[in-house]
Amino acid sequence: MNNRLLICTFAFVLLSSFEVAAGNPYERGYCGWVEASGAVNISDNMIDNSFGLLVVNGMNLGEGAFVGGCVGFGIRPYESFALPLLGEMKYSFLDKKTTPFVSIRVGAEIIGEQQELVGGAFVFSPGVGLEMGRFSARIGYNLEAGAVSSPSIVPEQGYVNAHIRNSSFYFGIGWRFF
């Protein structure tokens, strides 16, 4: 019990010591936003376009640098979905509320089909964008590589395993809540 109280007290003190960044990427402090996104497939496979929602949380380190993480939910065709868990690094070029930026997201996603988890993939997503006060726009490239296991249409075969590699053009619109 004492260890839990000590850990909770330490976490509270640590988190309360962070300042909230006031919308300028050159100010140090906590920063978070929600991003609605879409991806247009450019691969020669059966994975088509997708749509998603990400929640990004992290720290503006000052001088335009941001480090954080993203969690979200993506909707794909053929009754499938994705649950991404990504790290993000971003650099904003100007000490202004309207500034261009470059970013990179790297991580993993769990892939599901109907109501069943069927696989996972590595995700690599470099991009560029523009922050305009509380709003941002980002375009980039998504590379996903992984494996899935789906039920076979022939019941005696059980599950069919497949490797996936998907490339897509990514676009997102974000709103900063801190």
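Student: In what order do the elements of the chain run from the N terminus on?

Tutor: From the N terminus on, the order is α-β-β-β-β-β-β-β-β. The chain thus holds one helix and eight strands, where helices (H or I, at least four residues) and strands (E, at least two) are DSSP runs numbered from the N terminus. This is a predicted model, in which local features need pLDDT of at least 70 and side-chain atom pairs count only at pLDDT 80 or more, while totals for chains, interfaces and linings use all residues. Residues are numbered from 1 along each chain as its sequence is written, and side-chain values use heavy atoms, with hydrogens and water left out.

Student: What share of the residues counts as buried?

Tutor: Of the 178 residues, 39% count as buried. Buried means under 20% relative accessible area, exposed means over 50%, and partly exposed lies in between (1.4 Å probe, protein chains only).

Student: Which residues make up the largest nonpolar core?

Tutor: That core has nine residues: Cys 31, Trp 33, Leu 54, Val 56, Phe 66, Cys 70, Leu 86, Val 123 and Tyr 170. Strands β1 (29–41), β2 and β3 each supply at least two residues of this core. A nonpolar core is a set of buried Ala, Val, Leu, Ile, Met, Phe, Trp, Tyr and Cys residues joined through side-chain atoms within 4.5 Å. A second, separate core of five residues includes Ile 111, Val 118, Ala 121 and Ile 164.

Student: What does Leu 54 touch?

Tutor: Not counting residues up to four places away in sequence, Leu 54 touches several residues, among them Trp 33, Cys 70, Arg 105 and Tyr 170. Contact means heavy atoms within 4.5 Å.

Student: Arg 105 interests me. Which side chain meets that of Arg 105 in a salt bridge of 3.0 Å?

Tutor: The partner is Glu 35, with the 3.0 Å taken from N to O. Glu 35 lies in strand β1 and Arg 105 in strand β5 (residues 98–113), so this pair ties together parts that are 70 residues apart in sequence. A salt bridge is a side-chain nitrogen of Lys or Arg within 4 Å of a carboxyl oxygen of Asp or Glu.

Student: Which side chain forms the 3.2 Å salt bridge with Arg 105?

Tutor: Glu 88 does, again from N to O. Arg 105 in strand β5 and Glu 88 in strand β4 are 17 residues apart. Both Arg 105 and Glu 88 are buried, and Glu 35 is buried as well.

Student: How many salt bridges are there in the whole structure?

Tutor: A search of the whole structure finds four. One of them, at 2.6 Å from N to O, is between the side chains of Lys 90 and Glu 131. Lys 90 lies in strand β4 and Glu 131 in strand β6 (residues 116–132), so that pair ties together parts that are 41 residues apart in sequence. Salt bridges that share partners join Glu 35, Glu 88 and Arg 105 into one network.

Student: A change of topic: is Ser 167 buried or exposed?

Tutor: Ser 167 counts as buried, because its relative accessibility is 13%. This residue is found in strand β8 (residues 159–176). The side chains of Ser 167 and Tyr 141 are joined by a polar contact of 2.9 Å. A polar contact is a pair of N or O atoms within 3.5 Å; within protein, one must be able to donate a hydrogen and the other to accept it, and residues adjacent in sequence count only if both atoms are side-chain atoms.

Student: What about Leu 85, buried or exposed?

Tutor: Leu 85 counts as exposed, because its relative accessibility is 56%. Leu 85 lies in strand β4 (residues 80–92). Leaving aside neighbours within four places in sequence, Leu 85 is in contact with Cys 70, Val 71, Gly 107 and Ala 108.

Student: Lastly, where is Glu 63?

Tutor: Glu 63 is in the loop between β2 (50–62) and β3 (65–76). Its phi is near 55 degrees, a positive value in a residue other than glycine. Most residues other than glycine have a negative phi. Glu 63 is exposed, with a relative accessible area of 59%.
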